[in-house]
Amino acid sequence: MFQSFFPKPKLFFSSFVVWTLLSVLVWYFFGEQMGTAIGLPPPPADAEPIINLTFFLTNSYLWFYIYAAVWSLAFGLFWRFYAKDHPWRFWSIWGTMFIIFTTYFDVQVSVLLNNWRRPFGDLLQNALQGKPGITTGDFYSLMITFWSIAFLNVFVFVIVRFFVSHYIFRWRTAMNEYYMSKWQKLRHIEGASQRVQEDTMRFASTFEGLGVSLIDAVMNLIAFLPILFVLSSYVTELPIIGAVPHSLFWLALIWSVFGTALLALVGIKLPGLEFRNQRVEAAYRKELVYGEDNANRAQPLTIAELFSNVRKNYFRLYFHYTYFNLARSFYGQADALFLIFMLVPTIVAVKITYGIYQQIATAFGQVSNSFQYLVNVWPTIVELLSIHKRLRAFEAAIDNEPLPEIDQRYLEREADEGEMGANRP
């Protein structure tokens with residue numbers, strides 16, 4: 001699944017994570033200030049946030065582009081020469097870095113939109129209160145600014161999705177070529193043709209959604225955590241708890257960890273059941289296919305038994321998904337009011353304006369959703385894990401490792417049926 005597309009996957013991903021974390025830490029500890037040496041100093045701490053597209057042409061961003069390019073180029077060139085014989089190194093190395101950079105840029109567009117929310121929210125509040133000096137031009141000017149940012153957001157989103165689709169299809173192509181080169185070892189595995197055609201397609205398409213959302217979650221954390229730290233200065237007291245330094249950050253972290261742990265606990269049985277579901281469906285389908293060419297196959301008793309296994313597994317899935325969906329729905333409803341509940345003392349004390357509340361709600365939502373990554377995508381992860389288990393049997397056969405128990409039982413059954421067919425007069 002991975003070695004077909006990525007050079008030395010374990011080393012590649014571990015080095016990528018370490019290199020990325022190192023670059024982020026260097027940037028936040030002293031890298032951002034290094035731009036001063038080349039005439040690109042960061043803005044003063046008390047500078048007003050920029051709310052138009054010049055946000056991306058400031059000294060900070062020009063220096064960030066240079067900084068990110070140097071770190072990316074160093075990593076890419078190392079793997080370019082270290083894995084010079086890998087046929088898919090161009091897409092897997094440079095394509096991965098392009099997706100990460102463009103996703104980060106898209107997140108920064110969201111940061112710019114968050115900057116815009118404060119002046120627009122305050123303008124709306126002042127207008128509704130009837131304060132003098134507010135004109136229609138004030139609203140139209142901010143709305144034009146919003147449209148320019150929104151158009152950029154749409155453009156970047158479309159470009160990223162277009163590229164990711166091609167990237168993922170190249171990954172599927174790499175898997176297909178790799179498995180077909182080992183076909184003589186794989187063709188005896190149950191549902192081998194389905195695994196090559198359908199499971200690689202489903203793995204690629206499922207990984208597309210999960211991978212992009214994971215990168216987006218990480219980038220949102222990098223971008224919005226500092227904003228949430230700054231906005232925490234407005235929230236000096238929490239209900240019941242009282243004063244907590246950096247309160248918004250700790251609220252987002254604790255609430256998200258609670259939700260993730262809750263959903264992981266109640267959904268722990270689902271990956272195995274989804275995997276089992278693919279097995280019983282494949283066994284039922286394959287017996288029907290055999291019955292098309294052989295009158296001795298797909299007999300009523302055999303079909304009834306196989307379909308009984310299908311029904312039994314689906315009913316178990318329905319039962320376990322019932323309490324999983326119950327827990328997920330309750331958490332979602334509580335999540336809708338969690339932030340407002342925690343901000344009640346701040347709102348009643350009139351310590352924030354409507355514009356600041358809009359900023360807090362957006363930043364908190366971005367950070368909270370990033371921490372809740374598993375909560376949001378758990379059903380998709382369940383599906384991916386079940387596909388992974390089926391493709392892992394392929395790789396076990398390629399590496400001459402013992403097959404999973406269920407595949408061994410299938411091969412034994414096929415061998416027994418073959419002997420019975422040979423002994424028939």
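Predicted model: local features only at pLDDT ≥ 70, side-chain atom pairs only at ≥ 80, totals over all residues.
Me: What volume does the largest pocket have?
Reply: About 1400 Å³. A pocket is an open set of points on a 1 Å grid over the protein atoms alone where a 1.4 Å probe fits, with protein on both sides within 12 Å along at least five of seven lines; lining residues have an atom within 4 Å of a point. The volume is the space filled by probe spheres set on the points, which are joined across faces, edges and corners.

Me: Which helix gives the most to that lining?
Reply: Helix 3, with seven residues. Helices here are DSSP runs of H or I, at least four residues, numbered from the N terminus.

Me: And which residues are closest to the centre of the largest pocket?
Reply: Glu32, Pro43, Phe55, Asn115 and Ile227, out of 36 lining residues.

Me: What about the second largest pocket, what volume?
Reply: About 880 Å³. Helix 6 supplies the largest share of its lining, 10 residues.

Me: Switching topic: at what angle do helix 7 and helix 9 pack?
Reply: About 170°, with the axes 10 Å apart. Axes are lines fitted to C-alpha atoms over the stretch in contact, and angles run from 0 to 180 degrees between N-to-C directions; contact means heavy atoms within 4.5 Å.

Conventions
Residues numbered from 1 in each chain as written. Heavy atoms only, no water. Helix = DSSP H or I, 4+ residues; strand = E, 2+ residues; numbered from the N terminus.
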